[in-house]
Amino acid sequence: MARQSDTRARIQAVARELFAAQGVRETSLRQISDRLGLTKPALYYHFASREDLVRSIVQPMVDDLERFVAAREKTPAHDAAGRRLLLEDYFELMWRHREVTVMVVRDLSTLADLDLTERMFDWRRRLTALLFGPEISAAQQIRATVALGGMSDCTVEYAHLPLEQVKDTAVEAAAAALGPATTP
């Protein structure tokens, strides 16, 4: 007999796949339960609602992003090597969560439903400060948006390519978008 955690993980995997392909709102819990050969009540045993299921899928990315930014804030580095390492590590983090990113981008209302919109902007502001220091000009904010947003987009758009092929080019382009590093 399957353990409860195994069944939860299977439900999450199928839901993630369907949500990414069809959108959260366009995917019924019936589709998920049918794909798994479960009854809807069995699905509800593991997840009280669609929101509960969606949150369980998105939460690991949220937790990883929060830990990533908090850890980097303890040792900020604004030189070229420190910025490059931050970009590489951020890319790898986003690559690990690219299916969730597809799911959220496909149905942007998911951000609002889970109260994530402001958190995402907060992470971007904090990462920008890590890249440029506390005194950030409008031009630097724009450069950081292009760099970080462009890398995130690459994890989704080019997910079919090998990680290193995408990462190397995306990080190089992001570093170029940031411009020369300066010590604050």
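**Labels and their cut-offs**

Me: What makes the meeting of α8 with α9 a contact?

Reply: Arg 124, Leu 127, Thr 128, Leu 131 and Phe 132 of α8 meet Gln 140, Gln 141, Arg 143, Ala 144, Thr 145, Leu 148 and Gly 149 of α9. Contact means heavy atoms within 4.5 Å. The model is predicted, with pLDDT of at least 70 needed for local features and 80 or more for side-chain atom pairs, while totals for chains, interfaces and linings use all residues. Residues are numbered from 1 along each chain as its sequence is written, and side-chain values use heavy atoms, without hydrogens and water.

Me: Why is α8 called roughly perpendicular to α9?

Reply: Their axes (lines fitted to C-alpha atoms over the stretch in contact, with angles from 0 to 180 degrees between N-to-C directions) lie 10 Å apart at about 110°. That value makes α8 roughly perpendicular to α9, because the label covers 65 to 115 degrees, with under 35 roughly parallel, over 145 roughly antiparallel and the rest oblique.

Me: What makes α4 and α5 roughly antiparallel?

Reply: They pack at about 170°, axes 11 Å apart, and are therefore roughly antiparallel. Asp 64, Leu 65, Phe 68 and Arg 72 of α4 touch Leu 85, Leu 86, Asp 89, Tyr 90, Leu 93 and Met 94 of α5. By class this contact has 7 nonpolar, no polar and 3 charged residues.

Me: At what angle do α5 and α9 cross, and which residues make the contact?

Reply: The axes cross at roughly 40° and come within 9 Å, in a right-handed crossing. Leu 87, Tyr 90, Phe 91, Met 94 and Trp 95 of α5 contact Leu 148, Met 151, Ser 152, Cys 154 and Thr 155 of α9. These divide into 8 nonpolar, 2 polar and no charged.

Me: How many helices and strands are there?

Reply: The chain has 10 helices and 0 strands, where DSSP runs of H or I with at least four residues are helices and E runs of at least two are strands, numbered from the N terminus. The C-alpha trace spans about 60 × 30 × 30 Å along its principal axes.

Me: Which helix gives the largest share of the lining of the largest pocket?

Reply: α8, with 6 residues. At least two residues each come from α4 (50–74), α5 (80–96), α6 (98–106), α8 (117–132) and α9 (138–157). The lining holds 13 nonpolar, 4 polar and 3 charged residues.

Terms used: Ala, Val, Leu, Ile, Met, Phe, Trp, Tyr, Cys and Pro count as nonpolar, Asp, Glu, Lys and Arg as charged, and the others, Gly among them, as polar. A crossing is left-handed if the near helix is turned anticlockwise from the far one by less than a right angle, and right-handed if clockwise.
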